[in-house]
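Open the model in your viewer and show it as a cartoon. This tour goes from one selection to the next.

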Amino acid sequence: MIRRSFCLGNLIQSLRVASPLSKLGAYCGLTSQAASSLQQVCEPSAHSNAGYEEYADVDWDNLGFGLMPTDYMYITKGTKDGLFEEGQLSRYGNIELSPSAGVLNYGQGLFEGTKAIRKEDGRLLLFRPDQNAIRMKIGAERMCMSSPSVDQFVDAVKQTALANNRWVPPPGKGSLYLRPLLMGSGPILGLAPAPEYTFLVYASPVGNYFKEGVAPLNLYVEDEFHRTSRGGAGGVKTITNYAPVLKALGRAKSRGFSDVLYLDSVNKKYIEEVSSCNIFIVKDDTISTPATNGTILEGVTRKSIIEIARALGYQVEERSIPVEELIDANEVFGTGTAVCVAQVGSITHQGKRVEYKTGDRSVCRELFSTLVGIQRGLIEDKMGWTVEID
Ligand SMILES: Cc1ncc(COP(=O)(O)O)c(C=O)c1O
């Protein structure tokens, strides 16, 4: 494999002693060792509270992925023709809905997930919020809903992050998870698109998604339940894709697994994704992930990891992956805004458990470190993915 050489040695050293405003070296590829060093510098630093002093009263060292209500949310309404009013920030709280709202009766609802991360200098960075906006637009089209423009979406996310600035964790302690929602809020009785839509963004500080923290996940391959079906809406982030997995997820968790890996519903043979993240397998220097064909969510993290892996010199394949291939894989990992890049330690299918390489010298850790380094502003963002707000 041709791996890009990288000038990271000195960079790692400079990161360890970096002042908050240090300009970091170029991102042009990483070695595993360098990446694992970067992992260390991604841990909470001595400068954790630099540049920002008015934090909410939160135990930042023990953040999980639970809802912690924050101060403000953004809300606006739009017509079915797509004319959305200028949105407003209001105190976070309950909203009023007609009992006959399209979302309550016919499931016209979409959600997104993106996050604001505090840099060492105290400022906030968003990661590719335009990609979430575009995905919401595509989802709205599929669900016959109108949606805000990409600009309005991104502006709403920025406003919500800034208004809740004191809830954005100190550098290295987590992120402010931003949850944009689009719903058919207008009343409708006969099956049809709602006459009015509500776009809302709320926020919650979060740490690790899984209770395992950063420990490797143990996945269960589900044979009975499928997440979505060919021709369905699995490729968009509609709320209607999530309640159906709760049964399988609850069952797997009660048996001690971290999450479920779903198979395609047609052949019952190809791996698709996990309940809330995409899946990748590593075999030697090739990284593979299921191709998106309408049944798998096109994750923003998935897309980013594919680009990062290619830039690092790995061969990346998007293709159908038969479940049997899991037996030969060296590594498996999941990707998502909430889960980041999560190592998988084992997968169990039909009573057979396969274990995978994990740890600091893994490909997964190398990709994790690079992504997190970019998201936190510790590695120069040559892709133009991060958006600074102040
Ligand atoms: C089913 C599913 N797949 C994949 C993902 C990962 O998507 P992203 O990387 O955009 O967060 C998510 C999370 O939003 C998800 O819910």
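Axes here are lines fitted to C-alpha atoms, for helices over the stretch in contact, and angles run from 0 to 180 degrees between N-to-C directions. Helices (H or I, at least four residues) and strands (E, at least two) are DSSP runs, numbered from the N terminus. Residues are numbered from 1 along each chain as its sequence is written. The model is predicted: local features need pLDDT of at least 70, side-chain atom pairs count only at pLDDT 80 or more, and totals for chains, interfaces and linings use all residues.

**Stop one: a helix pair**

Select residues 129–142, helix α4, and residues 150–163, helix α5. They pack at an angle of about 130°, with their axes 9 Å apart. α4 and α5 are therefore oblique to each other (under 35 degrees is roughly parallel, over 145 roughly antiparallel, 65 to 115 roughly perpendicular, the rest oblique).

Now show the side chains at the contact (C-beta atoms, placed from the backbone, within 7 Å). α4 supplies Pro 129, Asp 130, Ala 133, Ile 134, Met 136 and Lys 137. α5 supplies Val 150, Phe 153, Val 154 and Val 157.

**Stop two: helix α6**

Move to residues 246–254, helix α6. Which residues are buried here? Ala 248, Leu 249 and Ala 252 are (buried: 20 or more other C-beta atoms within 10 Å of a residue's own; exposed: 12 or fewer; partly exposed: in between; C-beta atoms are placed from the backbone). These buried residues pack against β8 (217–222) and β9 (259–263).

Turn to the face away from the buried side: Leu 246, Gly 250 and Ser 254 are exposed there.

Finish just after α6, at Gly 256, which takes a positive phi of about 95°.

Conventions. Contact = placed C-beta atoms within 7 Å.
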